[in-house]
Amino acid sequence: MQIISPNKVIRGKNAWKRSLPEIVKLTKSPLLLGRSFITRSLRSRIYNDLIQLNLNVFNAELEFDCCEVDLTRIYNLAVEHNCDSIITAGGGKVLDAGKLLADYLSVPCITVPLSASTCAGWTALANIYTTEGKFVKDINLKSCPKILVCDHSFINSAPKKTLSSGIADSLAKWYESSITSSSNKDGIIQQAIQISRVLRDQLFIQGEDAFNNPSEENLAWTNVVEANSLTAGLIGGIGGEKCRTAAAHAIHNAITQINSNKKPLHGEIVGVGILIQLRLEESKNNNKLANQSINQLVKFMKNLKLPTTISELGINVFENDNLQKIASFTCRKESEIHFLPFEFSKEDIIQVISKFESQKIKI
Ligand SMILES: [Zn+2]
């Protein structure tokens, strides 16, 4: 069975207001989940709108990233208050936490992304981290959210770097799915890969305009927001597991194991992961276009003020055995890097990363 999409996607101007009649059909006692201080005023608007509908809303806040400690605490609160749905409003990790809670409680989930940093509002997947933000594992959920509310004015209030981070995460769809699944003969998977190519091209064409002119009136901005929040999720839905991740995300997961005081966003790390994946393809899979792709990506990423090396993520790989740690975690048995269709060893990863971090990337 394939889990493809949310039951309903409500997008655009005033999407939140337009979703309210659908939400009241699903729930009487929702748990409203969020996290950060900067989204608090938006979430209090959401809370008030739900109260106006005579819903019995219980408000809860995460303390950390999507982690077991928070999930257990909020699960118990949801049971205690007889919550019959989860409405989760925030970035990727808040959306993941809300989806997991709804899955554990077997109640409907309504996702309200408050940034365009990931496609977590769409997918039937969630990542679990430690309280310090180290990646632990991903979990397949029983279903996608019942309703995804992609409200442009909510997303427009997010910090600019969430948009660029989301762009890097969406670009990974093409670089990861095209290498893992290009020889797959399944027509639907082939078509999903082609959507990821069109998505990449659209981000290359409109990404900078969206980043520099983040207005709801700017078509480039709305296109990029929906590319990150919706299309990237659709590709994972129809393409399945192998269309989702490969080396870029495996390297992301490994980099999160190392403490960085810069606290980079998910997509910021994934973007660096794409560049390292391409270097690995160049050295181990004879990808003759890798260098050209890297130059194109680095130029684009720099224009979006995205990090392009691990050191720009706040980590020196040549200190504290970091290189070994990253390579070991990247290559562990359950890592998605093993979806790559060519042979490589942990030593190859060490070599590629150490060369990558030592060189000055020319653009
Ligand atoms: Zn991602």
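In which handedness of crossing does α12 pass α13? The crossing is right-handed, where right-handed means that the near helix is turned clockwise from the far one by less than a right angle, and left-handed that the turn is anticlockwise. The structure is a predicted model, in which local features need pLDDT of at least 70 and side-chain atom pairs count only at pLDDT 80 or more, while totals for chains, interfaces and linings use all residues. Residues are numbered from 1 along each chain as its sequence is written, and side-chain values use heavy atoms, with hydrogens and water left out. Helices (H or I, at least four residues) and strands (E, at least two) are DSSP runs, numbered from the N terminus.

**Zinc site**

- The zinc ion is coordinated at 2.1 to 2.8 Å by D169 (OD), D169 (OD), H249 (NE2) and H266 (NE2).
- Donors are N, O and S atoms within 2.8 Å of the metal (3.2 Å for Na, K and Ca); water is not among the atoms, so sites may look incomplete.
- The arrangement is irregular because the 4 donor atoms subtend angles of 51 to 144° around the zinc ion.
- Along the sequence, the donor residues follow the spacing D-x79-H-x16-H.
- Distant parts of the chain are linked by the pair D169, in helix α6 (residues 160-181), and H249, in helix α9 (residues 247-255), which lie 80 residues apart.
- D169 has 10% relative accessibility and therefore counts as buried; H249, at 10%, also counts as buried.
- Buried means under 20% relative accessible area, exposed over 50%, and partly exposed in between (1.4 Å probe, protein chains only).

- α9 and α10 pack at about 125°, with their axes 7 Å apart, which makes α9 oblique to α10.
- Axes are lines fitted to C-alpha atoms, for helices over the stretch in contact, and angles run from 0 to 180 degrees between N-to-C directions.
- Angles under 35 degrees count as roughly parallel, over 145 as roughly antiparallel, 65 to 115 as roughly perpendicular, and the rest as oblique.
- The α9 and α10 crossing is right-handed.
- A247, A248, H249, I251, H252 and I255 of α9 meet H266, I269, V270, G273, I274, I276 and Q277 of α10; contact means heavy atoms within 4.5 Å.
- I269, a residue of helix α10, is buried, with a relative accessible area of 5%.
- With neighbours within four places in sequence left aside, I269 is in contact with H252, I255, T256, P264 and L313.
- The C-alpha atoms of I269 and T256 are separated by 8.3 Å, with the two residues 13 apart along the chain.

**Other helix pairs**

- α6 and helix α11 (residues 290-303) pack at about 165°, with axes 12 Å apart, which makes α6 roughly antiparallel to α11.
- α6 passes α11 in a right-handed crossing, where I167, L171 and Y175 of α6 meet S293, Q296, L297 and F300 of α11.
- The axes of α12 and helix α13 (residues 346-358) come within 9 Å and cross at roughly 130°, which makes α12 oblique to α13.
- In this pair, L323, Q324, I326, A327, S328 and T330 of α12 meet K346, I349, I350, I353 and S354 of α13.

**Strand residue I110**

- I110 lies in strand β5 (residues 109-113) and is buried, with a relative accessible area of 0%.
- Beyond its neighbours within four places in sequence, I110 is in contact with I23, L26, I86, I87, T88, I147 and V149.
- S85 is 25 residues from I110 along the chain, and their C-alpha atoms are separated by 7.7 Å.

**Backbone exceptions**

- Most residues other than glycine have a negative phi.
- N14, which is not a glycine, has a positive phi of about 55°; N14 is placed in the loop between β1 (8-12) and α1 (15-26).
- D321, also not a glycine, has a positive phi of about 65°.
- D321 is found in the loop between α11 and α12 and, at 52% relative accessibility, counts as exposed.

Note on methods:
Four donors count as tetrahedral if all angles lie between 85 and 135 degrees; four count as square planar and six as octahedral if opposite donors are over 155 degrees apart and all others between 65 and 115; anything else is irregular.
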